[in-house]
Amino acid sequence: MTVKGIVFDLDGTLLDTLNDLADAVNAALRDFSFPERRLEEVRRFVGNGVGNLIRQAVPDHTDAETIAQVHEHFMKYYMNGLMNKTKPYPGIVDLLETLKLSGYRLGVLSNKPHKATQDLIQHYFPDVFDLVLGHRAEAPRKPDPTVLLQMPAAFNLSAEEVCYIGDSEVDVATTLAADLRGIFCLWGFRSENELRSAGGECFIHEPGELLQHLFV
């Protein structure tokens with residue numbers, strides 16, 4: 001069936017957010033005299049929500065109360081520096097413009113907190129997306145497929161008419177759990193080998209390649 005709706009992940013798919021995430025992580029770690037993390041370490045930690053990011057960033061055996069405090073400090077730094085170094089990946093703006101003009105329904109589903117997700121989309125891609133969802137307390141985060149499975153109806157489409165674009169093992173697992181078509185980008189935070197090992201089958205190396213897959 002022809003694809004009429006596309007749901008995108010955010011970090012590592014639409015936006016290169018890694019430097020701002022790493023800066024906020026390390027600022028929070030410094031507040032507690034914890035060792036800082038290298039950029040490549042933060043890259044590996046990203047993708048499964050802020051809670052998971054902080055749990056991996058702090059030293060082993062850090063107690064739950066301290067982890068919660070580091071989390072709070074991280075959110076303060078990150079929300080204050082959300083757009084310092086973040087930028088769209090090359091070709092993303094042109095791709096979204098083409099898709100919008102072609103009549104596709106477009107959405108975002110991220111494990112990033114909902115407000116940060118909406119702020120970033122509004123800043124970098126105003127008036128492009130029909131539905132933008134970050135993680136909310138009342139909804140499970142990916143790889144639980146619940147929210148993704150609700151999005152086709154919000155577009156007034158069937159699940160068969162919607163595909164999902166992401167860059168991580170979490171995104172692969174989400175599409176498999178939802179039984180939804182997934183296309184995975186290789187400019188983000190994970191390698192092709194990592195995505196294949198997670199069960200991914202369809203890959204694109206640059207944004208413009210997506211158009212070739214929408215009619216397959």
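Modeller: In sorting lining residues, Ala, Val, Leu, Ile, Met, Phe, Trp, Tyr, Cys and Pro count as nonpolar, Asp, Glu, Lys and Arg as charged, and the others, Gly among them, as polar. This is a predicted model: local features need pLDDT of at least 70, side-chain atom pairs need 80 or more, and totals for chains, interfaces and linings use all residues. Numbering runs from 1 along each chain as its sequence is written, and side-chain values use heavy atoms, without hydrogens or water.

Colleague: What is the volume of the largest cavity?

Modeller: A cavity is a set of points on a 1 Å grid over the protein atoms alone where a 1.4 Å probe fits but cannot get out; lining residues have an atom within 4 Å of a point. Points join across faces, edges and corners, and the volume is the space filled by probe spheres set on them. The whole structure has 2 cavities of 30 Å³ or more. The largest is about 230 Å³.

Colleague: Which residues lie closest to its centre?

Modeller: The largest cavity is lined by 21 residues. They divide into 9 nonpolar, 5 polar and 7 charged. Closest to the centre are D11, V46, G47, G49 and K112.

Colleague: Why does the largest cavity lie between domains, and which ones?

Modeller: Domain bounds come from an automatic or database assignment. Both domains give residues to the lining, so the cavity lies between domain 1 (5-16 + 87-214) and domain 2 (17-81).

Colleague: Which element gives the largest share of the second largest cavity's lining?

Modeller: That cavity has a volume of about 60 Å³. Its lining, with H135, R136 and D144 among them, divides into 4 nonpolar, 4 polar and 4 charged. Strands are DSSP runs (E, at least two residues), numbered from the N terminus. The largest share, 3 residues, comes from β4.

Notes:
On a 1 Å grid over the protein atoms alone, a cavity is a set of points where a 1.4 Å probe fits but cannot get out, and a pocket is an open set with protein on both sides within 12 Å along at least five of seven lines; lining residues have an atom within 4 Å of a point. Helices (H or I, at least four residues) and strands (E, at least two) are DSSP runs, numbered from the N terminus.
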